[in-house]
Amino acid sequence: MEHQEFESILEAYPVHLDNFDGPLDLLLHLIKRHEVNIYDIPITLITRQYIDYIDLMQEMNLDIAGEFLVMAATLIHIKSRMLLPRHDPAQEDPEEDPREALVRRLLEHQKFKAAAELLHERETLRSAQWTRPDGPIAEIAGEAPEPEVEVDLFSLISAFRAVVERAKQRPKVYLPSEQIPIEDRIEQLMARLSETEALGFEDLFADVQSRAGMIVTFLAMLEMIRLKLIRVFQTGVIGPIRVYKRARPADAPKPLLDPEKRHADEVAKAADAASSEHSTDAINTKGED
């Protein structure tokens, strides 16, 4: 059987992201989100949150490298060591804090990450890549708004977790199970984005009820990011996330069943159907006259 580059069955659809952040990035994200001191990490809280993220990513069948699981084991090991009785700090050779080696790794990773981001920003300015236009907003508001920054994977997962948690508070509505293929969901989202400048992140999930439908929607969005069909921005660390349709660059991946081509075909088909219906109505009207 010929291998397809785009698979709609959720269980057989691992999402591979070109810039998939690693376990240290996830830890830095959690530290920043909870506003904790990197030199005094609350290991119980961070370990629990980290494992929750891993569980959710595995449920969504994301392509998680083994290093994520190694880090989970490292965090659990550090947590267990911190539960042991501590030696008297007055001793000449006090035992090293179990978190110290991890903190050194995080600080080193943070330093290189900041350098890489600085280089990327300079390259973006040089090549005049697409950025959010703030001019009209500033003219209306009278002051420049806080700039939007492109969202990383873990911020998206945080936002998705919040959507799932809020969905649990809704009244239970028993509907037939949703089993929509991911490529069909991409087509639906592209159609909605074609009607407006941007959508709020939570708006993407407004028409789905089940957890499976939410997961398919989230995976469809990740695939659209990978195929460079959309860009996702956020104002501040915990500000609202918005999804923008983008002009697709020449270097964008082009799978066998390309969503952009499929969307264009669907639009053309709908236009032909509308034109045909209009011609039929005109003929019928003429015949009645």
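Trainee: The side chain of Ser158 makes a polar contact with which side chain?
Mentor: A polar contact is a pair of N or O atoms within 3.5 Å; within protein, one must be able to donate a hydrogen and the other to accept it, and residues adjacent in sequence count only if both atoms are side-chain atoms. For the side chain of Ser158 the distance is 2.2 Å, and the partner is the side chain of Tyr53.

Trainee: What kind of model is this, and how are residues numbered?
Mentor: It's a predicted model, where local features need pLDDT of at least 70, side-chain atom pairs count only at pLDDT 80 or more, and totals for chains, interfaces and linings use all residues. Side-chain values use heavy atoms, without hydrogens and water, and residues are numbered along each chain as its sequence is written, from 1.

Trainee: Is Ser158 buried or exposed?
Mentor: Buried means under 20% relative accessible area, exposed over 50%, partly exposed in between (1.4 Å probe, protein chains only). Ser158 has a relative accessible area of 5%, so it is buried.

Trainee: Which helix holds Ser158?
Mentor: Helices are DSSP runs (H or I, at least four residues), numbered from the N terminus. The one with Ser158 is H6.

Trainee: At what angle do H1 and H6 pack?
Mentor: Axes are lines fitted to C-alpha atoms, for helices over the stretch in contact, and angles run from 0 to 180 degrees between N-to-C directions. H1 covers residues 23-33 and H6 residues 153-168. Their axes are 9 Å apart, and the angle is about 55°.

Trainee: How many of the eleven residues of H1 are buried?
Mentor: Among the buried ones are Pro23, Leu24 and His29. H1 is largely enclosed by the rest of the structure, because its buried residues number nine of the eleven.

Methods
Helix = DSSP H or I, 4+ residues; strand = E, 2+ residues; numbered from the N terminus.
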